[in-house]
Amino acid sequence: MEAGLRTLELTVMRRLDGLLQGNHLGLVPGPGTEPGEARLYQPGDDVRRMDWSVTARTTEAHIRETVADRELETWVVLDRSPSMDFGTAGCEKRDLGIAALAAVAHLTRGGGNRIGAVVANGESTVRFPARGGLPYARGLVRKAAEQPSAPEGTRGDLAAALEQLRRPPRRRGLAVIISDFLGPVDWLRAMRGLAARHDLLAIEVLDPRDVELPDVGTVVLADPETGGQREVHATPLLRREFAAAAAAHRDEVAAALRGVGASHLVLRTDSDWIADILRFVVRRKQRWSGGGA
């Protein structure tokens, strides 16, 4: 465990360092949340920051600048339900979830920022308070990785984990949800509640077998959250139907996340997750600076 976490930390630091240039950029929600001075609108500015009262008074388009927050509180909800204890490529989904937590801790550290976590496996929920400092962030990742898996047949409850974070209300900050988002989309109400106070980032963790069946003849399909198993022959028709159903569910999840205003990052066990995070952060920076759609 210790060697693996140390390797993970070195990987994250080596490849993600350099993205924190500027004033609290990285996974921080935008350039700031506190209102600042109004200034004339310039081509490329985000029209959502338009100050309509000043525009009406001066008859010239103005936007409202924001002042960057000096301290950010980040809370991570880490799904450790049995469906995350699965992987057929480079790692299991639970390992990728821990890696995502380590990356979030790295991208939000410094400047008095704090990070806390809620780790839920469907059977129990553990809360780690939000605190600052690199030693605490390291310990948080280690403790999250050490949390035991729930017994097979335990159903995950992402909505309940989100409610643990939503109540009691906390100061405005960044809420990160790391999950495979399998099963019914019954977490939407809780997600909306979080969106009312926090900027949201949903990190969806997938394995290739979540979206398509292999062309290997007979396979055993298992649901770790019910314990049910079924042996099937992976015919071309069955594989197409499985892929279509999986794609429809992924589309439903993506639409629900868009509906609550959450940013959406997909990480896969068969891809370079660090590169995927890099591209995601760069796109966020470009949007904040007016350089991207």
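Arginine 127 is partly exposed, with a relative accessible area of 34%. In this scheme buried means under 20% relative accessible area, exposed means over 50%, and partly exposed lies in between, computed with a 1.4 Å probe and protein chains only.

Before I continue, a word on the basis of these values. This is a predicted model, in which local features need pLDDT of at least 70 and side-chain atom pairs count only at pLDDT 80 or more, while totals for chains, interfaces and linings use all residues. Residues are numbered from 1 along each chain as its sequence is written, and side-chain values use heavy atoms, with hydrogens and water left out.

The mean pLDDT of the protein is 84, and 85% of its residues reach 70 or more; pLDDT is the predictor's confidence in each residue, from 0 to 100. Over residues 19-25 the pLDDT stays under 50.

The protein has nine helices and 10 strands. These are DSSP runs numbered from the N terminus, helices being H or I with at least four residues and strands E with at least two. Of the 293 residues in the protein, 45% are buried.

Six strands form an open sheet of mixed pairing, in the order 5-4-3-6-7-10; two strands count as paired if DSSP finds at least two bridges between them. From one strand to the next, the twist averages 15°.

Strand 3 (residues 73-79) and strand 6 (residues 174-179) run parallel and are joined by five bridges. Leucine 78 has isoleucine 178 in strand 6 as its bridge partner. Helix 3 (residues 93-107) packs on the sheet and touches strands 3, 4, 6, 7 and 10, its direction making about 180° with that of strand 3. Contact here means heavy atoms within 4.5 Å. Angles run from 0 to 180 degrees between N-to-C directions, and axes are lines fitted to C-alpha atoms, for helices over the stretch in contact. Helix 4 (residues 134-146) lies across strands 3, 4 and 5, at about 5° to strand 4.

What does the side chain of glutamate 73 contact? Glutamate 73 belongs to strand 3 and is buried, at 12% relative accessible area. Its side chain makes a polar contact with that of arginine 114, at 3.3 Å. A polar contact is a pair of N or O atoms within 3.5 Å; within protein, one must be able to donate a hydrogen and the other to accept it, and residues adjacent in sequence count only if both atoms are side-chain atoms.

Strands 4 and 5 pair in the antiparallel sense over five bridges, and isoleucine 115 has arginine 131 in strand 5 as its bridge partner. Their hairpin has four residues between the strands, and in it glycine 122 takes a positive phi near 95°.

That returns us to arginine 127, which lies in strand 5. Arginine 127 and glutamine 164 are 37 residues apart in sequence and 8.5 Å apart in space, C-alpha to C-alpha. The arginine 127 side chain reaches the backbone oxygen of glutamine 164 at 2.8 Å.

Finally, histidine 198 sits in the loop between helix 6 (188-195) and strand 7. Histidine 198 is buried, with a relative accessible area of 10%, and its side chain reaches the backbone nitrogen of glycine 173 at 3.2 Å.
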